[in-house]
Amino acid sequence: MKKIFFLLVGLMVTSLLWGQQKANFKLADRFTSSNFRFADGNSMSIYPMYINDGDCFWYSFTTEEGKRHYYVNPEKGEKRLLFNPEKLFGFLNQETHGVCDAKNFTFQELKFDKKGISFTFNFERHKYRYNMKTEEVTKLDTVINEGFGDSWKKYSPDSAYIVFAQRHNLYVMGNKDKGKDSTIVQLTTDGERYFSYTKDEDEDEIAADTFPTAPIAVWMKDSKKVYALRCDTRHVDKLFLVDVMTDPRPTLKTYKYAMAGDQKLEKYELTVIDVETKEVKTIDIDGWQDQYVDVLYTSKDGNKIYFERKTRAFDEQEVCVANLATGEVNVLIHEIDKPFMDYKMANIMFLNDGKDIIYRSERTGWGHYYLYDDQGHLKHAITSGEWVAGPVAEIDTVGRTLYFYALGKDKDIDPYYYIPCRVNIDKPESLTQLTFDNANHQVHFSKSFKYFVDIYERVDMVPRIVLKDRMGKEVMELEKPDIRRALEMGWKAPERFKVKAADGVTDLYGVMWKPFDFDSTKVYPIISSVYPGPFYEYVPTQFRLIHDENTRLAQLGFIVIAVGHRGGTPMRGKFYHTYSHGKLRDYPLADDKYAIEQLADRYPFIDVTKVGIYGHSGGGFMSTAAICTYPDFYKAAVSSAGNHDNYIYNHWWGETHNGVKEEKKVIKDSVNGDRTESTFKFRVGTNMELAKNYKGGLLLVHGWMDDNVHPAHTLRVVDALIKAGKNFDMIMLPRSNHGFSGEENTFYERKMWFHFARLLLGDNTGDYYYEIEQYKKSDR
């Protein structure tokens with residue numbers, strides 16, 4: 001207690017020197033996960049589990065009263081408890097001679113009988129049956145717990161065979177429970193580290209040789225063949241990390257990592273193995289040098305494999321089919337889409353065992369679905385217009401109906417909100433919008449498509465969880481999330497806003513968090529929370545009580561915003577999301593600055609002379625670029641795990657979004673014939689080039705064990721700043737990978753609080769506050 005006294009004295013002296021303490025650390029701390037957990041523990045959604053492919057379903061939902069399980073019969077409009085808690089938990093307590101946690105009970109392996117009257121489940125290594133009519137509970141046979149030890153087994157669809165990997169190769173054995181010979185037979189011999197038939201290529205090589213592991217091989221539907229799409233990284237160069245926390249000596253971690261502009265990249269090989277005849281075939285999948293390959297679908301008879309391949313520049317794609325009997329490969333769909341393809345919402349679906357192919361494309365500038373036949377002939381566009389056909393929710397293969405989310409179709413609805421629609425794939429004119437609320441929707445259809453559960457929400461609207469019929473008419477409200485305790489603690493919802501991009505034309509959408517003790521007569525600094533994409537925008541549309549650090553950061557006494565930028569999400573169409581191409585460092589900066597200026601003009605409580613910015617990963621890259629590009633506008637920045645030098649980042653990401661130039665040359669070969677080879681040139685702006693412009697206010701943070709964005713990214717910025725004679729702060733988190741967690745994440749967040757409080761509020765008491773809080777906790 002004596003040390004706390006001296007800390008408090010120090011805190012008061014510092015407050016006198018700096019003026020009255022302005023940062024409300026106590027309010028921010030009130031909404032950390034540990035202090036807010038009782039208010040944030042209730043369900044905000046449900047996941048309906050449809051029974052025997054019918055319309056009836058069950059789900060669980062948690063409130064302050066605990067977890068409850070419900071049964072719903074849509075046709076009767078009936079909702080009731082799935083079971084009698086007194087009968088079920090009383091029986092389980094009596095059987096196990098223990099105490100069953102009735103308020104937090106989770107079913108294991110719950111399965112209904114064919115009539116949907118009773119269900120079985122596992123509990124404490126035993127199987128039980130509950131009859132919903134009689135409320136009778138029956139103990140059945142002992143549950144066999146296979147445990148983690150069997151995770152390496154991959155069963156064929158008919159369960160007759162088991163395939164697994166060991167020493168980087170494939171093995172098969174029959175399932176003796178199905179009357180098959182369980183003798184282990186080796187299927188392949190060409191597997192090796194970094195060209196393996198298993199996934200753990202960077203794991204301990206001794207363990208890989210000693211124990212069986214899960215294979216990358218996938219069973220085909222005929223249960224006679226498996227295919228394996230292997231990635232050959234043997235010639236890819238390595239990266240290194242030093243784990244300084246191992247005892248007694250730091251150890252070296254080595255892993256393969258291809259960087260932008262590298263000439264030695266991974267290669268793909270597709271192998272098909274007949275497990276009965278042991279025949280191994282390699283399919284010729286080559287289309288382009290340094291291509292990307294993925295398997296899409298296999299036919300029911302096991303004779304065809306459909307796959308896609310893309311160019312290194314990610315601007316050209318082919319959908320192909322391989323005939324396994326002849327080895328012939330045919331191109332069905334060929335698409336050129338510059339500057340790069342939308343991979344975030346890319347979708348290729350196969351109906352009627354490949355007789356129909358539904359293919360999503362941005363060929364018109366807007367993402368839409370197209371119908372092709374099995375020969376690759378275009379039949380027609382299923383959706384069209386100046387809006388985006390987004391993810392598919394469900395396909396009714398019998399009714400040939402596509403259920404999907406539209407974005408921007410209804411001009412009265414925010415373009416970021418998912419709008420459920422349906423369309424008959426043979427009748428594009430049949431497109432029907434199912435909901436009209438200005439909110440974001442998530443839907444779950446019954447197998448008959450007569451009903452669906454609709455969960456819709458906004459950042460400022462508690463989710464509505466309702467049951468609707470196929471026309472979108474509400475049948476009943478299923479649940480209403482309880483946020484009473486959060487409101488009692490002073491919680492308030494953030495606000496969604498709209499501004500213009502720096503072009504003065506494009507609409508940008510964002511979210512604003514205010515302090516819960518907000519006073520409109522006061523003036524607050526503003527902090528921009530950024531993640532620029534360029535394939536995703538970190539701007540929430542769904543309801544959450546806590547939006548990561550943003551909610552807590554606002555409580556210190558800041559206005560915190562997150563706003564989209566041109567070059568972000570493909571949800572806004574091709575022009576919007578490809579704006580980033582060729583300017584990977586700079587594309588979002590002007591939009592962020594102009595958005596803040598507009599908000600400051602709109603709201604007198606925003607102080608545009610005190611602007612901060614922070615972000616993680618791509619947001620860390622952006623926040624550093626912003627404070628170096630506009631050093632007189634942004635007064636403080638926190639940059640964590642930023643990819644500041646995209647020459648040493650993931651080759652696919654940098655080359656796709658910034659562009660890569662292919663240079664071809666002919667190689668003379670009198671023996672095998674001349675061939676054409678390509679080299680790829682990559683140029684991109686880095687944050688080191690901006691260091692000379694920096695004037696102050698930057699805190700750099702990185703995880704020392706980050707094998708995604710290597711710590712070298714931050715250290716290269718550090719080197720450039722030192723050479724330029726600049727002052728900055730840096731923290732290395734010794735245990736953290738790309739994502740921060742636990743004590744190191746808590747430390748990082750608190751340091752961010754203190755950094756912004758000191759530079760934007762003139763409050764230098766953060767370190768004292770942190771020490772006092774730690775000693776209070778230790779006293780407990």
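**Figure 1. Surroundings of N42.** Leaving aside neighbours within four places in sequence, N42 is in contact (heavy atoms within 4.5 Å) with T62, T63, E64 and D482. The model is predicted: local features need pLDDT of at least 70 and side-chain atom pairs count only at pLDDT 80 or more, while totals for chains, interfaces and linings use all residues. Residues are numbered from 1 along each chain as its sequence is written, and side-chain values use heavy atoms, with hydrogens and water left out. N42 is found in the loop between α3 (33-36) and β1 (49-50). Helices (H or I, at least four residues) and strands (E, at least two) are DSSP runs, numbered from the N terminus. The side chain of N42 reaches two backbone atoms: the nitrogen of E64 at 3.4 Å and the oxygen of D482 at 3.0 Å. A polar contact is a pair of N or O atoms within 3.5 Å; within protein, one must be able to donate a hydrogen and the other to accept it, and residues adjacent in sequence count only if both atoms are side-chain atoms. N42 counts as buried because its relative accessibility is 13%. Buried means under 20% relative accessible area, exposed over 50%, and partly exposed in between (1.4 Å probe, protein chains only).

**Figure 2. Helix α11 and its ends.** Eight of the eight residues of helix α11 (residues 651-658) are buried, so the helix is largely enclosed by the rest of the structure. Among the buried residues are W652, W653 and E655. What covers them includes β19 (292-298). Just after α11, G659 takes a positive phi of about 100°.

Figure 3. A search of the whole structure finds 44 salt bridges, each a side-chain nitrogen of Lys or Arg within 4 Å of a carboxyl oxygen of Asp or Glu. In one of them, the side chains of R750 and D29 meet at 2.4 Å, N to O. R750 lies in helix α13 (residues 742-760) and D29 in helix α2 (residues 25-30), so this pair ties together parts that are 721 residues apart in sequence. Both R750 and D29 are buried. E655 forms a salt bridge with R312, the closest N and O atoms being 2.6 Å apart. Here E655 belongs to helix α11 and R312 to the loop between β20 (304-310) and β21 (316-323), 343 residues apart. E655 is buried, and so is R312.

**Figure 4. The salt bridge of D356 and R400.** The closest N and O atoms of D356 and R400 are 3.0 Å apart, in a salt bridge. D356 lies in strand β24 (residues 356-361) and R400 in the loop between β27 (388-396) and β28 (401-407), so the pair ties together parts that are 44 residues apart in sequence. D356 counts as buried at 5% relative accessibility, and R400 counts as buried at 18%.

Figure 5. The open sheet has the strand order β9-β10-β11-β12, with antiparallel pairing. Its edge strands are β9 (154-155) and β12 (185-186), each of which pairs on one side only. Two strands pair if DSSP finds at least two bridges between them. Two bridges join β9 to strand β10 (residues 161-166), and the bridge partner of Y155 in β10 is I162. Strands β7 (residues 126-131) and β8 (residues 137-142) pair in the antiparallel sense over four bridges. They form a hairpin with five residues between them, and E135 in the turn has a positive phi of about 60°.

**Figure 6. Aromatic pairs.** Rings of Phe, Tyr and Trp (its six-membered ring) pair if their centres lie within 6.5 Å; planes under 30 degrees apart count as stacked, over 60 as edge-to-face and the rest as tilted. By this rule the count comes to 53 aromatic pairs. The rings of F83 and F89 have centres 5.5 Å apart and planes at 90°, so the pair is edge-to-face. F83 counts as buried at 6% relative accessibility, and F89 counts as buried at 7%. Y614 and F756 also make an edge-to-face pair, because their ring planes stand at 65° with the centres 6.5 Å apart. Y614 is in strand β39 (residues 606-616) and F756 in helix α13, 142 residues apart.
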